[in-house]
Amino acid sequence: MKRTWKSFSVLLVVMLVTALMAACSDSSGGSSKVSVGIVLPTKDEPRWVQDEQRFKDALSDSKYTTEILFSQGSSAKEKENVETLLNKGIEVLIITPHDGAAAASAVEAAKKEGVTVISYDRLITNTDAVDYYVTFDSVAVGAAQGQYLIDNSEGKDVPLYLYAGAASDNNAFLFFEGAWSVLQPKIADGTFKIANSSEAEKLKDKAELTRDELGKILGQVTTNWDPNEAKNKAQTHLTAASADLKGDVAVLAPNDGTARSIADVFGTDGDITSFLVTGQDAEKASIQYVIDGNQSMTVFKDVRTLVKDAMGIAVEILDGKTPETTGSYDNGNKEVKAKQTDVIVVDQENVKKELIDSEYYEASEFTGL
Ligand code: BGC
């Protein structure tokens, strides 16, 4: 009797679990509709995890359904993500491409299904399948980094180490173009001497560089947005550098992830007396570096605004309205209507005001503020 009762209860549990599983797969399966699909490039960088969180915060009271997928640094995965979202019936796609040119085929597939495509932070290039672009002023980001090095260096012939982002990211060109616009006159007048790029050295008298010329410099000093690659390059450069390229130096690092690893390398070289190093993204780890004096500055890009702009455009589309834009960007194939946001330079002086008082982060997340 006891045994029968036991097998009956096991059967009951099995039936319950089966019913529960069926219910779950129903709600997340192909039949459930998603209005806005969001595709972000990688979870491996805090920058994009931050965007995910800010999207979630902004969407908690939205009447439209959304889904966020990550491409993990792979264009193939990105294409698959877009297809998954298309199968869920999305009407708007918000996408940060891993590779701006390779993403064209993914958004062309979306366009074929009548989906409105919003390029988010990074522009998708050489296709007419992009409808809108929401972005920070990326040329201003680079210019702010360059200007910081100018304003905080002393004397003449300061060794200047240049680093850049991934050449597959249109932003890497914009950042470097912005930095070059202010640094080049200071290289020409002897304030700085280039320490680690023969291509930049060759072009040092040219105020405006073509995309090809920028590509040549990037080819030498790219980090591929990878902190490890940045670290290896910095080590190689310092090993090769002669004594006149050490001492008090300036380092153009393209973002916070690469800045921290480059700073760690420069910080342990006995022949580097002091170094200035730039960054961007206001990642928490870099805010701590700035507070501790290990990274000179970061450029704060308030992701809340970018998310608000992207979702604002998406909702206008879903409501059948025409979104307002403030300018346009040439993606090599068309002028893409764009909405652009300003950026803020942050260093030890204003870190508390800009990031804590503005409630972007909480004071308790840092030490020594
Ligand atoms: C973004 C930066 C980011 C970098 C690496 C760029 O396109 O604008 O904020 O640090 O990609 O992911």
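What follows is a chat about the helices, loops and rings of this model.

Me: Before anything else, what kind of model is it?
Reply: It's a predicted model, where local features need pLDDT of at least 70, side-chain atom pairs count only at pLDDT 80 or more, and totals for chains, interfaces and linings use all residues. Residues are numbered from 1 along each chain as its sequence is written, and side-chain values use heavy atoms, with hydrogens and water left out.

Me: Which domain does UniProt list for residues 36-321?
Reply: An unreviewed UniProt entry gives "domain: Periplasmic binding protein" for that stretch. UniProt positions are in the numbering used here, feature names are shortened, and annotations may be inferred rather than shown by experiment.

Me: And how much helix and strand is there over residues 36-321?
Reply: The chain is 48% helix and 17% strand there, and the end C-alpha atoms sit 16 Å apart. Helices (H or I, at least four residues) and strands (E, at least two) are DSSP runs, numbered from the N terminus.

Me: Let's do helices. Which residues of α8 are buried?
Reply: In α8, residues 211-221, the buried ones are E213, L214, I217, L218 and V221. Buried means under 20% relative accessible area, exposed over 50%, and partly exposed in between, using a 1.4 Å probe and protein chains only.

Me: How are they arranged around the axis?
Reply: They span an arc of only 140°, so they sit on the same side of α8. The arc is that of the directions from the helix axis to the C-beta atoms. An α-helix has 3.6 residues a turn, so residues three or four places apart point the same way.

Me: What's on the face turned away, and what covers the buried side?
Reply: D212, K216 and G219 are the exposed residues on the face turned away. The cover over the buried residues includes β6 (158-162), α6 (170-188), α7 (198-202) and α9 (227-240).

Me: What about α4, which residues are buried there?
Reply: In α4 (residues 104-112) they are A104, A106, V107 and A110. Their arc is 160° seen down the axis, so they line one face of α4. They pack against α3, β3 (92-95) and β4 (116-120). Just after α4, G114 has a positive phi of about 80°.

Me: Switching to S138. Buried or exposed?
Reply: S138 counts as buried, because its relative accessibility is 1%. S138 is in helix α5, residues 138-152. Not counting residues up to four places away in sequence, S138 touches N171, L174 and F175, where contact means heavy atoms within 4.5 Å.

Me: Which loop holds K156?
Reply: K156 is in the loop between α5 and β6, and at 55% relative accessibility it counts as exposed. Leaving aside neighbours within four places in sequence, K156 is in contact with D189, G190 and T191. A polar atom of the K156 side chain lies 2.8 Å from the backbone oxygen of D189.

Me: Where's D157, and what's its phi?
Reply: D157 is in the loop between α5 and β6. Phi of D157 is near 55°, a positive value in a residue other than glycine. D157 is partly exposed at 43%.

Me: And Q72, what's the phi there?
Reply: Near 50°, again positive in a residue other than glycine. Q72 lies in the loop between β2 (66-70) and α3 (75-87), and is partly exposed at 38% relative accessibility.

Me: Rings now. How many aromatic pairs are there?
Reply: The whole structure has 9 aromatic pairs. Rings of Phe, Tyr and Trp (its six-membered ring) pair if their centres lie within 6.5 Å; planes under 30 degrees apart count as stacked, over 60 as edge-to-face and the rest as tilted. F266 and F275 make a tilted pair, 6.1 Å centre to centre with 50° between the planes. F266 is buried at 1%, while F275 is partly exposed at 23%.

Me: Why is the Y360 and Y361 pair edge-to-face?
Reply: Because their planes are at 65°, with the centres 5.0 Å apart. Ring pairs also link F300, Y360, Y361 and F366 into a cluster.

Me: Which residue lies over the face of Y360?
Reply: R54 does, 4.1 Å from the ring centre. R211 lies over the face of F173 at 3.9 Å. A charge sits over a ring if NZ of Lys or CZ of Arg is within 6 Å of the ring centre and within 35 degrees of the ring normal.

Key:
A polar contact is a pair of N or O atoms within 3.5 Å; within protein, one must be able to donate a hydrogen and the other to accept it, and residues adjacent in sequence count only if both atoms are side-chain atoms.
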